[in-house]
Amino acid sequence: MSWASNLPEELLCRPTGLVILTGLDVTYNAVHKSIWDSFYNNRRPDRVPLQFQVVPGDHEYPKCRTNKKQSYEWYIPKGILKTCWMKKHLSQVPAVVVVFYDLDWDEPMWKEKQMECSTRVEIVRHSLQGHGTKLSVVLIQKNAPLPPGEDVVAAERAASLCSACDLSAKNLYVLPQTDHLIGYTIRLENAFYELAQGYYHGEARKVKSHKDFLNKTTHQLLFVRHQFKVAFFNEMKQDTHTAIKHYKQGYGHLLELRMHDSNILEIKTIAGYINYKICRLSFQHNAPLDGIAQFRKHIDFFKSKTGIADLAFEHSAWMSKQFQVFGDLFDEAIKLGLTAIQTQHPGFYYQQAANHAIARKQLCQGSCKPLSDKPSTDPLEHLKALDYYGQRPWRQGHQSIDPPDIQKEKEGIAALQADELKEDHSWLIIPLLNSAVAQFKKYKSLRMKRFLMVQMGQEYFHAKDYQRALMLLSKVTWDYRGERWWPLLTSILTTSLKCAYLTGKVQDYVINCVELIGPYTTCSAEEKTRIQMNLLRVMSNDAPEIETGLDPACVENAKQLWAPVSEPCVFNVEMQNIVPCVECKARFTSAAVAADQEVEVEVYLRVRCPFPVRFSKVSVSLNNPMYNQYLEVIDGHGISAASESESKEGNLYLVPGTPKCYKFSFLPVQEDVGSQLEITGVCVVMGSETARCAVMTWVGAGGDAVTPIQTALTLLPKKQNKNFIDWDQIEIDPSTKIVSRPALLDITLNHEAPSLQNEFYLIQVTVRNNEEVTIDNVVLSVVVPEKEENDKSTHLSVDQAEFDGIVINQLSFIDVGSMEKGETRNKSIFVKCLQTGSKYITFQVEYNINVVINGHTIPCACSKTESINLSTVSAFEVSVKLMNMKFETIEAIQAEEPFIMMPEIKCTSPWAVDIQDSDLQLTSCIEKTDNSPSQLNGVCLKKSECAAECFCLTSLNTAVTSVSLGSFVLHWKRRMDQTGGNLDHPSVTTLFTLPTVNIEHIPISVELKLPAYGNMKCLLPVRYVIHNRTGYPQEVEVNMEPSDSFMFSGNKQIHFRLLPGKPYEMTYNLFPLIAGHVALPKMHLNMQRYPGTMDPIIQKMLPSHVFIKPLGKSGKSGPGEK
């Protein structure tokens, strides 16, 4: 039914109104050609949907039926829809005919031209007699028209022309020859479009008017026909919503028809047409769910309407076409913006179309037969010239249940069957599967994609395109291997083996054989035996036996391809991509190998096929190719040799199920010490390199053909049999590290932890040679790995305690020299830690030695490493106090006034510390008042003990308001006799930063010269010295406050001028009246330039009390006694 299932072109296209243009000479008249181009070319989507044709003025249009029915009472329809009806209204019967005529309003020969124009119009009107086609006239004029109402002559002549042509004034148009031709064309198009709308609306009303004359007894077909026509006219009118309504009504009438074998084909054909229109318009109206629901309803109703049993393939072809067309509609809607989902997309419909096409092929193969006797007349003679869609060519127009001629019916069925046999169904199925694969790939349904690719491969096989079949099937086998679908994999591999045989591809044939004879395929034992024998023949340069179920003609071509070859045929088989019958595991026997030991490699091979296999070569590849020459074994026997006897070269005869081990060993080169050796591949060769040779390669160290599934039983330990190799217990170890030969020497580190911050910490390194021979080039390296690149807080020096401010945290290649057997060497390493915390220090000794292995002398580089984690603590904590001369704590110092600084040292070292000296490094504006020696010299501090000393300092007159005092320098060393060790650590100098203080600048200072004590009722002389610290004379007023504790003589109130740089002295004689710690008379000082501000400052400068001794019984006099 391929002829009946196809949709006609006039159904698939978008219906648009037909407008005929006459009177244009597009061949010889350039103006007419430009007018036609403006209508026909560059039709953008925004222009009205019309199609235009140019015809001569005397063109013959389809004749309108003269005997139109006035009554349907005795009318019996012969079919549903005529095959020529849609085509006639799309391209033959116009909605509008436009007559173009060259005529200006000022034409001198107006009468003659008017007569000629009316004649042309009359000819067209006569040709369209009986049709409701609209007629219009367009006058092509050279000049642009004047505005309406201004050209009186044009109005008169236009009325005259309309009267002569029997035209309405609305149907007369003017087209001037100007530069804006496209603008006039678009205006004309819009006018023609309105006329076409009216025409198709009238045609639809005419068809609707027939409804009243119909009855459902004899005119059931007409109900369907009329609804289809009304819907089609509305489509041409671009009223798609009304069109889909009438299509649905027509489809409903169609389902009410009486269906039997003689008319089911016609009903299904028209149902397919109407269903296509409904679904297409539903997608166009953005109602995809309505379209899908309509299609499901359509399929559910007709899927069981098979029709004539002998032509059942026609039903499958029709079903396939329905799914394919709906899939195309769905896909087109998606391209225009519709969103599909993984469970609803065009791929499912293409898949169903392919399934029905496959069913069609199977029905054809089962029921169709070629014609034995050719009938006198061909029943399919009128197959391409049917009167009605979907009718049999030998009984057109027949609507009865029984066929009119039984013999003709049989001949027609036989002819259709014979015609179906000529169809190559595979090339119908493959495009459908290809479309489905693309959709399932797009929506990421990978399993469905693989399944359909397998179907495509099988169809290519049936279509005898064996190379494409082999390529497609090879793409999906990997996924089926990974998911362990062994029955599916076996079926695919069997088909691939046949394709490889028919195309003569040796490599693909061998790969499929190696996989099919393995333990995981579901082939029978006899089949595996046959395949292995064929594999042996191919590798022996012979032709394999013919595969079963193949086309004899293709087999004859294949035999020529499998003729023995004279040139070598070497090819690779990547074993990790298949599930082969050969398994390989390679490993190093140890994870690390010393430089003076042999590296051992073991390769295990196992075959799991019906019969033993002999390989010709086994080799292992490492990441360093220089060792590959030591890692191969060659079998000198041919592939057909069937014994396990040993040969000089090696024995590669493998019995099924019995693993075999091949061992290799070699000495590493000195350059590989510290690097890692890896197995990059294993190669097993089958066949001869002079004929056919299969190089089976595993990437890495191989492994199981299929990764075993771990269960509780597989994890239990098993008993090991020394004479039996348990394949499952063989662990793959693809890498080993070449390490240095173990160093036979001792490294002793003698030190006393923890170290103290900033001290030169001594570590005594002792190296002893325990080798049996002399060792050369002995070097010591000391490294402190820093946590950060800029973190350099540990300094190293060797033999001498040196530090010039540049931190060295790595000592490389300290020469120790050659060492005899049992000799000992010492090195002193000084570590200076600038910060507290924990430091990891590594000591490495390297040397060279010559080692004799198997009569060969091998130079080896040995090294040994020791490390310590050294903890560093601070030796001291220093706090600084600032006080005035009355030992009162102060926050700021006063310029040119003495003050006291007292650093207090607390020992935090676990070791006793000897303080050797202390000093100050003062800034330029601070200086000492005396040069007394250190008060801490010789002091020994133990943990948590404290010591302090005082410094009397003064600041110079400076303009700065804040200054750093400088540094406190402490010279110390660890006390040797307290450590209990014998290491003498050098002296250490540590600088402690002193605080930054503010300097107060005061204009005046007062100094009181007072004895240390006085005696009651004895004279106590005191003297006040006043200094002007400014550069200007100052007016000063001094008041002495009376006191009950003293009688005194001197100025109680005085006013004087104080010059810069010249002190002023005031002397008072005090007479103490009471004993004890007695308050002195207060002196109040006021400066006229700084009124009321100086007195509090002066009070802080002067002592407030003095000690007065009571009268003694011995009569000794005190200070001031005469």
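Predicted model: local features only at pLDDT ≥ 70, side-chain atom pairs only at ≥ 80, totals over all residues.
**Core and pocket: a short walk-through**

Visitor: What makes a set of residues a nonpolar core?

Guide: Its members have to be buried, come from a list that includes Phe and Met, and be joined through side-chain atoms within 4.5 Å. The largest one here has 196 residues, and Phe100, Phe192, Phe615 and Met696 touch the most other members. Helix 7 (residues 181–209) gives this core its largest share, 11 residues.

Visitor: Which residues is phenylalanine 615 in contact with, leaving aside its neighbours within four places in sequence?

Guide: Val582, Val607, Asp635, Leu652, Leu654, Val684, Val685, Met686 and Met696. They count because contact means heavy atoms within 4.5 Å.

Visitor: On to the second largest pocket, then. Which domains does its lining draw at least three residues from?

Guide: Domain 5 (876–1000) and domain 6 (1004–1109) each supply at least three. The pocket's volume is about 690 Å³, and 27 residues line it, with Asn884, Gln894, Glu897, Lys1100 and Met1101 nearest its centre. Strand 41 gives the most, four residues.

Visitor: What makes a lining residue nonpolar, polar or charged?

Guide: Residue type decides: Asp, Glu, Lys and Arg are charged, so Glu897 and Lys1100 go there, while Met1101 is nonpolar. The whole lining comes to 13 nonpolar, five polar and nine charged.

Notes
Residues numbered from 1 in each chain as written. Heavy atoms only, no water. Buried < 20%, exposed > 50% of the residue type's maximum accessible area, 1.4 Å probe, protein only. Helix = DSSP H or I, 4+ residues; strand = E, 2+ residues; numbered from the N terminus. 1 Å grid on protein atoms, 1.4 Å probe; cavity = no way out; pocket = protein on both sides within 12 Å on 5 of 7 lines; lining within 4 Å. Points joined across faces, edges and corners; volume = space filled by probe spheres on them. Domains from an automatic or database assignment.
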